[in-house]
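The sequence and structure are shown first.

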Amino acid sequence: MAKQKEKKLHKQHNALSNGIAYVVLILISIVWLAPFVMIVLQSFRSYNEGGGGMVEYLLPKTFSLDSYKWLFSSESQFFKWYGNTFIIAFFITLGQTAMVLMVSYALSRMRFKGRELWMRVCLILGMFPGFLTMICLYFLLKNFGLTQAGAIPGLILIGVASSGMGYYVCKGFFDTIPKSLDEAARIDGASRARIFFTLTIPLSKPIIIYTALTAFMAPWCDYIFASYVAFGYSDSYNVAVALFRWVKTNDYQGYFTRFCAGGVLIAVPITILFMCLQKYYVEGVTGGAVKG
């Protein structure tokens, strides 16, 4: 009887703990999702309702696609900026993924003089925010004509150039792949490059997807450095800079609902990518977080 009573109390305690945890998680989810819900609802508000500016209520009185139609119209440059953002993110993703994979493989499989020192230096430099180098990078890019009209290739160059320093997670994943596979391939006469491309890469799908997703997200959502490099040249704006200019220069009047509609369209690619590749993303994080 005593054991049954103790077991019953234990179940009640677990049920209470789980209930509290669920309530807390639900509250956190509501707080986290509220801004996104507000943006989506306001993007469907009719332009005739409040003149496209800010209003004091959340739920639109009249639902309309006015803001989305305007984004697709010739009056708007939204899809030019959208294309700029995609070009920057696409090429940074390709270059950064290739760079991180090669650096991580070299640090995981090869032993050379200065390896440990280089890893420590990268770890220390990674503790400093990238904003500290903004002024230096801007003047460096300006000397090569890679600002304003040349901002797009300039942003791609900066996004790829230092990406090798972010090898930590990828190297941890490569460390989990048995080195005996490499040794067997070397005995059969395979070169380092062939082992990397035909053996290691096929076994590393989760970390490749994780690296590509994180590489894509940074330029897709970048505002600070992109606005700094483009600096008033609207043809080189990415979406984040363009949308901010809308609401800043027009004081939200007539552009707030359009801003919300643009924000929804920006979120679509990232949402689709995460929904389709979530499994591999989680595998890449967990696989690279544990050293083999």
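Which helix gives the most to the lining of the second largest pocket? In this predicted model, α13 does, with seven residues.

**Pockets**

| Pocket | Volume | Lining by class |
|---|---|---|
| Largest pocket | About 1200 Å³ | 22 nonpolar, 11 polar and one charged residues |
| Second largest pocket | About 640 Å³ | 18 nonpolar, one polar and no charged residues |

The second largest pocket is lined by 19 residues, and Phe36, Ile39, Gly263, Ile266 and Ala267 are the closest to its centre. Two or more lining residues come from each of α1, α12 (239-249) and α13 (256-288).

The largest pocket has 34 lining residues; Gln96, Gly130, Ile158, Gly159 and Ser162 lie nearest its centre. Elements that give two or more residues to this lining are α3, α5 (134-143), α6 (151-161), α7, α10 (205-220) and α11 (224-230). The largest share, six residues, is from α10.

**Helix α4**

Helix α4 spans residues 115-125, and its residues Arg115, Met119 and Cys122 are buried. Viewed down the axis of α4, the buried residues fall within an arc of 65°, so they line one face of the helix. Leu117 and Arg120 are exposed and sit on the face turned away from that buried side. The cover over the buried residues of α4 includes α3 (78-109) and α7 (168-176).

**Serine 46**

Serine 46 belongs to the loop between α1 (2-43) and α2 (66-72). Is serine 46 buried or exposed? Serine 46 counts as buried because its relative accessibility is 7%, and the cut-off for buried is under 20%. Leaving aside residues up to four places away in sequence, serine 46 touches Thr62, Ser64 and Asp66.

Terms used: Residues numbered from 1 in each chain as written. Predicted model: local features only at pLDDT ≥ 70, side-chain atom pairs only at ≥ 80, totals over all residues. Heavy atoms only, no water. Buried < 20%, exposed > 50% of the residue type's maximum accessible area, 1.4 Å probe, protein only. Helix = DSSP H or I, 4+ residues; strand = E, 2+ residues; numbered from the N terminus. Arc of directions from axis to C-beta. Contact = heavy atoms within 4.5 Å. 1 Å grid on protein atoms, 1.4 Å probe; cavity = no way out; pocket = protein on both sides within 12 Å on 5 of 7 lines; lining within 4 Å. Points joined across faces, edges and corners; volume = space filled by probe spheres on them. Nonpolar A, V, L, I, M, F, W, Y, C, P; charged D, E, K, R; others polar.
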